[in-house]
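Reader: I would like to learn how to read a model like this one, feature by feature, with the cut-offs stated as we go. Could we begin with the overall layout?

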Amino acid sequence: HIARNTVLRLAKLRLQYTFSATQNSFLFNDVNADSAVYAKWYNIQLSSTRDSVSFSEKWHVSAHELNLIQYPNPENLSRFFMAGANYQQVTGKLSSGEIPLNNFSLKAEFRNLTKNKKWEMLLKAQYFLKGYNEGDYDISAYLFRSFPVYKSNLSLFFNHANKTPSFIFDQRSSFLSDQNKIEKKENVFLFGGMFNHPFINLGVS
């Protein structure tokens with residue numbers, strides 16, 4: 001994994017550029033594969049009753065991210081705001097050959113702690129405009145409230161994501177079988193809360 005940050009400071013803003021690069025390898029190897037099992041569950045025909053099966057993929061991912069950051073804020077030193085864009089280049093080496101993928105997304109983040117130190121908030125969002133994950137988005141919110149007099153606190157969270165399934169479910173994947181192919185996007189919706197007190201602990205999600 002390689003990462004590099006470059007920061008340009010303006011009057012009340014910072015312009016931050018980040019480059020990162022990662023490489024991952026995945027290998028499945030069955031040296032004593034049962035042809036009947038592979039035929040029934042994976043629709044894979046082996047040349048003999050007992051055979052060896054091997055699947056592998058290698059992925060190289062490089063990302064360029066540019067963010068505009070407002071922090072600290074003179075009116076509230078606990079306030080943080082960031083808005084930026086991310087361009088991702090992905091190269092996969094599969095059983096069928098090499099494929100190039102890319103993604104372009106916009107993202108934003110806002111954090112704030114009130115001056116009385118009682119309310120804390122976090123908002124995050126990312127939306128993929130173009131590329132393999134086009135149309136994907138992830139929105140999350142977190143709210144925290146402290147009650148010092150009662151030595152207790154309340155936290156609430158919310159998350160809604162619409163995302164492309166893992167590449168292992170893509171028809172081009174080296175690990176794909178007819179049984180595990182998924183074409184529709186995954187839709188995830190989570191929310192809940194937690195109340196903490198010296199004598200009461202209550203959580204709902």
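Author: Helices (H or I, at least four residues) and strands (E, at least two) are DSSP runs, numbered from the N terminus. This is a predicted model, in which local features need pLDDT of at least 70 and side-chain atom pairs count only at pLDDT 80 or more, while totals for chains, interfaces and linings use all residues. Residues are numbered from 1 along each chain as its sequence is written, and side-chain values use heavy atoms, with hydrogens and water left out.

Reader: How is strand pairing read, and how many bridges join β4 to β5?

Author: Two strands pair if DSSP finds at least two bridges between them. Here β4 and β5 run antiparallel and are joined by 15 bridges, with G84 standing opposite K107 in β5, and a hairpin of two residues connects β4 to β5. On β3, the pairing with β4 is also antiparallel, over 13 bridges, and L66 has A85 in β4 as its bridge partner.

Reader: Which residues make up the largest nonpolar core?

Author: The general idea is that in soluble globular proteins nonpolar side chains tend to be buried together. A nonpolar core is a set of buried Ala, Val, Leu, Ile, Met, Phe, Trp, Tyr and Cys residues joined through side-chain atoms within 4.5 Å, where buried means under 20% relative accessible area, exposed over 50%, and partly exposed in between (1.4 Å probe, protein chains only). The largest core has seven residues, namely W59, V61, V90, L94, I99, L101 and F167, and β3 (50-70), β4 (80-94) and β5 (97-113) each supply at least two residues of this core. A second, separate core of five residues includes A33, L46, V53 and F55. Over the chain as a whole, 27% of the 205 residues count as buried.

Reader: What does W59 touch?

Author: Contact means heavy atoms within 4.5 Å. Not counting residues up to four places away in sequence, W59 touches T22, Q23, N24, F26, V90, T91, G92, L94, I99, L101 and F167. S35 counts as buried, at 18% relative accessibility.

Reader: How many aromatic pairs are there, and why is the pair of Y132 and F167 tilted?

Author: Rings of Phe, Tyr and Trp (its six-membered ring) pair if their centres lie within 6.5 Å; planes under 30 degrees apart count as stacked, over 60 as edge-to-face and the rest as tilted. This rule gives seven aromatic pairs. The ring centres of Y132 and F167 are 5.9 Å apart and their planes stand at 50°, so the pair is tilted. The pair links distant parts of the chain, 35 residues apart, with Y132 in the loop between β6 (119-131) and β7 (137-147) and F167 in the loop between β8 (152-163) and β9 (186-196). Y132 is partly exposed, with a relative accessible area of 24%, whereas F167 counts as buried at 11% relative accessibility. Elsewhere, F28, F55 and F175 form one aromatic cluster.
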